[in-house]
Every structure is written in structure tokens, then in C-alpha cells.
Amino acid sequence: MSLVLEPPKKVVRTTRYPAIQNAPMPAEGNGYFSNIQLAVLVLGVPYIVKRSLPLFNRGGLFTYLFFVLLCGGPVTIGYWTLMSTFGPRKNEKTEYPGKPIETYLDIKDAELKRQYSGTTKIPMQIFHDAYFEGKIDFKGDVMDIMEYRHDWARFNFTPELFKYVLFTFIPEIIVHSQDQDQNQIRDNYDRGNDFYNWFLGPRMIYTSGIVTDINREETLEELQDNKLKVVCEKLNLQPEDRLLDIGCGWGTLVAFAAKNYDCDVTGITVAQTGAAFGNQRIKDNGVSEDKARILCVDYRFIPTDKKFTKIVSLEMAEHVGIRRYGAFLRQVYDLLDDDGIFVFQVAGLRPHWQYEDLIWGLFMNKYIFPGADASCSLGWVINQLEGAGFEVKNIDVLGVHYSATIWRWYKNWVANKDQVIAKYGERWYRIWVFFLAYSVIVAREGGSSVFQITLHKNLNSYHRIEGVPNHASIHVTPKRELAPVV
């Protein structure tokens, strides 16, 4: 069942491109935050508290610093809570329909129904946790209702979100041990090939595809084949190349590169079922074991007995974590031949975020990609790459391509609902249908994105001119003949 609503009274331009799920109500949310205000509060409140308390008001600098430490956390939490709750929207060019929450949601839990009814909006974190438990249902297609989420949901930081950040998210950022990585990743990717096939389809590629024609709905397989070709051409693969794919998933790129470019390819993954699937896929595509193989090994222990002329890593580095990011990139640098090329694709968040972006990111970290804390802004990623000794040749921002890809995943998942529930239960279906629907929207709006970066070592001896022929973005074809200025 599709949700049909009257168009909002004021709305920015909408689109109807077949390539994507188009937004019926593109609206900005609250992104208000001030480091200056927070600093004033963190430093000022302890001073006021100290001056107000008997005995303590006679203390000096150390007494003041004690109160800074004592009050800093609560003041910060209070500021984030207030700003996320009452901060203004980026703009109000789109006016919300103003429908009661019952238009969109069927709240079955009595306590939740008492708290949220009429025009009282529900915090997104409280909503999705209740939805996963079956306490709330969507009145219609999940994607349709999520498109109007600003009319029924609030994007404020809740006590549960602060609890997760303080006691799970931050500790995992600090630790990020090998055991933590393997436990989290294997629990995720070894769940079952059927689970992932029900939305990834036959290519079994869990990374963004690439749209080449916005005026038709390319299939999921076309999007992924487009991406495989783009990556291999950016790598400028030759038969004599030795390619390393770090975080190769189910091995589709490994098989594709070896089959079509006749180069030697090694894939690395910690997922045991993925490695087995990939090695069988290589065999099924007529590629011999001495030409391509997938090793089930942690990236920390990639064999170093020989260098690789080409290296690719597609959306794996998020799992490396912020703490180990630099070490990982230096490891890649050491594995790469001095004349080699590195294509690095990584997902991230926009730096000028809205609170919705952060709440979505925490949901993703808790339920979908635990430990993937290195989903950062493009600027941060580039600084890390340059710090490791790489030089950037080309950057493609593929966020809307990811939205198009996930939209197709979403439709596959919904089509296989009965099979998913029969094998994995209602809760897993609900978590993933919410994840896929929400991710289509967040990537389309720019809250999340994916960056595909072509790199080489920043060495004097690197022959940069040889990279011009396959630098696709500078080889353009104007729609009409252009006259030079004389």
C-alpha cells in the first residue's frame, strides 16, 4: 500500500528521474551547533557553580578545574539535547503536511501510544527500536512513510543514544582490536549467503554501483557492472599486473578483473563464507587457481613477500576504525609498487551535518555495521591518505549512485520478505528493511556519501604523465562544437 498525501504547501523543486527513488518532500532538518557556545557553557557553568557553593567559593584554580571535570560531561549532554531538540531547521522552504502521527504509524504499544499521538512527534531512535520489536508498524510501504518522516519524527539526541555513544561507540573506537574486528565482521558477513543474496542479487556486491543513464532504471546488475568497469579502468589493469583487493567480499571484482583483464588477482576477506563463495565463483568463471584466489585472512596479516602493482579497497576501511586508519594506509603504501595505482572507495558523512545524519550513523553502527566508526568526511579521508604518502589523482563522489544502488537492494529485500522471515525471523527483516529504506534517503540527500579516490605514491620518480590517457573525467565530449577564443 502506498501513502498518498497532498503536496506540501511550500516545496523546493522535485524530480522524477527513473534512475533513483525521487524525494516527494525534500526538506532540510536541524543542524544547529556552535563550538563557541559549548565552550562558553563548559567553562562558564563550573565557574558559576563554584562561586555559588559555600566553602568551594573560596577555592582557587584547582577547585575550578575540579568543577570543569565534574560538570563538563553533563553540560555537553545538556547542550546537545537542547540544540537537537529546539535548534532551527537549515531552512523552511518545504512546509510539512502537518498530518497526525496516526496517518503514518500504527502504534500498538499502549505506553508509546499515550506519549505520541496527534501532532506529537516521536524521536527517531525511540521509533526504530520500537519498530524492530513489533511495537509500531508502518501504515503502508516503509519507503513511502520514511519519505515523510519529518512530519512524524523528531531528530533529537535521546538518553539511549548518549548511553550508546559513551559506553559502546567511544570504547570501540579506542580499542578496535583484531578480535573485535573479526567478531563483528564475521558475525555480520558470515550470517548466510542467502541473507545477502536476497537483496544484493546475483552479483553479490555490497558496495555502491554507478549510474550511467539517469533517464532509465538500470538494473542492479548494470549498476554493479558499471562500477566494476570503472574501477578496473581507473586501475589501468594490464595482463602483467598483480592486483590486491582488500576486503573483497564475495570475490566478484576478483573474478571480473582476472577474467576480463587477464591479470593476477588476490582477494582478502575475514568472512569465511564469503571466501568460499568467491573461490567457487572464480572457478565457475573459468579462471584458474594460479591466476586468482581469495584468502581468508585479517588485513593485518596480508602476505608481504611481494609487492602489488595495483591495489583496490572498496568500502572496507570504515571497519578499520579511526584509531588504526593511518596504520592501515601506511600498510597499503608499503604493499604497493612504487609505480603502482591504488583505488580507494570509502563511505562517509558530510561535515556540515544535520542531527538526522548523526542519529542515522549511530543506528548504522549499532545495528548494521558495528565497529565501522571510520565513516568520516572527505576532507578527513584525504588528509589521512596524504599523511600516509599518497598523492590524489582523481576523486569521484558517488553518494547519489549509492542511493540508486540501495533503492534496488530495498526492492529486492521487500520482494523476498517471506523467505527472509521464514529463515531469519521478523526482527531481522524489520531491521534491514528500515536500514535499506532510510539509507536510500540519507545517501540521496547527501547526509551520507561514498568517495572513490584514485591514488599513487607521492614520489619524484612516479611518471604522472602516463596517467593522463585513463583520467576519464578530463576527457569530455561537449554536446556541440565549441569555438575557441581568438
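The legends below describe close-up views of a predicted model. Local features need pLDDT of at least 70 and side-chain atom pairs count only at pLDDT 80 or more, while totals for chains, interfaces and linings use all residues. Residues are numbered from 1 along each chain as its sequence is written, and side-chain values use heavy atoms, with hydrogens and water left out.

View A. The whole structure has zero disulfides (cysteine sulfur pairs within 2.5 Å). For Cys232, the closest cysteine sulfur is that of Cys263, 7.1 Å away and too far for a bond. Cys232 is buried at 0% relative accessible area (buried is under 20%, exposed over 50%, partly exposed in between; 1.4 Å probe, protein chains only). The sulfur of Cys248 lies 9.3 Å from its closest cysteine sulfur, in Cys296, again too far for a bond. Cys248 is also buried, at 8%.

**View B. Packing of helix 4 on helix 13.** Helix 4 (residues 124–132) packs against helix 13 (residues 355–368) at about 35°, with the axes 10 Å apart. Helices are DSSP runs (H or I, at least four residues), numbered from the N terminus; axes are lines fitted to C-alpha atoms over the stretch in contact, and angles run from 0 to 180 degrees between N-to-C directions. Met124, His128, Asp129 and Phe132 of helix 4 meet Ile359, Phe363, Lys366 and Tyr367 of helix 13 (heavy atoms within 4.5 Å).

**View C. Packing of helix 16 on helix 17.** Helix 16 (residues 417–424) and helix 17 (residues 426–445) pack at about 130°, with axes 7 Å apart. Lys417, Val420, Ile421 and Tyr424 of helix 16 make the contact with Glu426, Trp428 and Tyr429 of helix 17.

Definitions and conventions. Helix = DSSP H or I, 4+ residues; strand = E, 2+ residues; numbered from the N terminus.
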